[in-house]
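Could you walk me through how to read this structure, one feature at a time? I would like the general idea, and then the case at hand.

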Amino acid sequence: MPIEIRRFGVGNRRPDGPPGTTGVAGQPIASDERGTITELAFARAARLERHTNPHVSWLVVIEGGGWVSVGDERARVAAGEAVLWPSDVPHSAWTEHSEMRAFIVEFASGDEGSAARPLEGRATAVQDEASGPLPRPGGPTARPEDAGEPA
């Protein structure tokens, strides 16, 4: 199976968001019956207008920061934070004096409980029968007992 690579970021974005949205560009990365992943770039003084969605979504901030609202609450957000947008609850995001990059991860299921729980399980080392375990970047050969944790 060939590696599938999707381009996003500068040069691949288009204006995105519900009607009235300003200063926000985006690029869908993946979409199927399970949900959608979209990259969003907010310029300074950008606004993703208040809207509802029948699906549970996470706004995952990866650069910069701004503001979000969920229902009647609002809060500042910054890189390294994720905000749950429950289904059918009005929500929005905006920037004032800074830019913000984020991913929207939208689940096709409207079940907040399952979308809000951390995923269970551990990563496992991949082994090629011909060459044995794959080397870990900057470290010894990956072993099942330490798989899933960064070196």
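**Reading the model, feature by feature**

Q: What is the volume of the second largest pocket?
A: A pocket is found on a 1 Å grid over the protein atoms alone: an open set of points where a 1.4 Å probe fits, with protein on both sides within 12 Å along at least five of seven lines. Grid points are joined across faces, edges and corners, and the volume is the space filled by probe spheres set on the points. Here the second largest pocket comes to about 180 Å³. Keep in mind that this is a predicted model, where local features need pLDDT of at least 70, side-chain atom pairs count only at pLDDT 80 or more, and totals for chains, interfaces and linings use all residues. Residues are numbered from 1 along each chain as its sequence is written, and side-chain values use heavy atoms, with hydrogens and water left out.

Q: Which residues line the second largest pocket?
A: A lining residue has an atom within 4 Å of a pocket point. In this case the lining consists of Ala30, Ser31, Asp32, Arg34, Gly35, Thr36, Ile37, Val105, Glu106 and Phe107. For classes, Ala, Val, Leu, Ile, Met, Phe, Trp, Tyr, Cys and Pro count as nonpolar, Asp, Glu, Lys and Arg as charged, and the others, Gly among them, as polar. That gives four nonpolar, three polar and three charged residues in this lining.

Q: Which strands each supply at least two residues of that lining?
A: Strands (E, at least two residues) and helices (H or I, at least four) are DSSP runs, numbered from the N terminus. Strand S2 (22–32), strand S3 (35–51) and strand S8 (100–107) each supply at least two residues of the lining.

Q: How many helices and strands does the protein chain have?
A: The chain has one helix and ten strands. Read from the N terminus, the order is β-β-β-β-β-β-β-β-α-β-β.

Q: What does Thr36 touch, leaving out residues up to four places away in sequence?
A: Contact means heavy atoms within 4.5 Å. Thr36, in strand S3, touches Ala30, Ser31, Ile104, Val105 and Glu106 on that count. The C-alpha atoms of Thr36 and Glu106 lie 5.0 Å apart, although the two are 70 residues apart in sequence. A polar contact is a pair of N or O atoms within 3.5 Å; within protein, one must be able to donate a hydrogen and the other to accept it, and residues adjacent in sequence count only if both atoms are side-chain atoms. The side chains of Thr36 and Ser31 make one at 3.2 Å.

Q: Is Ser92 buried or exposed?
A: Buried means under 20% relative accessible area, exposed over 50%, and partly exposed in between (1.4 Å probe, protein chains only). Ser92 has 1% relative accessibility, so it counts as buried. Its place is strand S7 (residues 91–94). The side chain of Ser92 also makes a polar contact of 2.7 Å with the side chain of Ser69. Beyond four places in sequence, Ser92 touches several residues, including Arg47, Trp67 and Trp85.

Q: Is Met100 buried or exposed?
A: Met100 is buried because its relative accessible area is 2%. This residue sits in strand S8. Among the residues that Met100 contacts, beyond four places in sequence, are Leu40, Phe42, Val61, Val77 and Trp94. Across the whole chain, buried residues make up 30% of the 151 residues.

Q: Where is Ala108 found?
A: Ala108 is in the loop between S8 and helix H1 (112–116). At 33% relative accessibility, Ala108 is partly exposed. Leaving aside neighbours within four places, its contacts are Glu33, Arg34, Gly35 and His55. Ala108 and Arg34 are 74 residues apart in sequence, with 5.1 Å between their C-alpha atoms.

Q: Which phi value does Ala45 have?
A: Ala45 has a positive phi of about 60° although it is not a glycine. Ala45 belongs to strand S3 and is exposed, with a relative accessible area of 55%. Asp88, likewise not a glycine, has a positive phi of about 60°. Asp88 lies in the loop between strand S6 (82–85) and S7, and counts as exposed at 54% relative accessibility.
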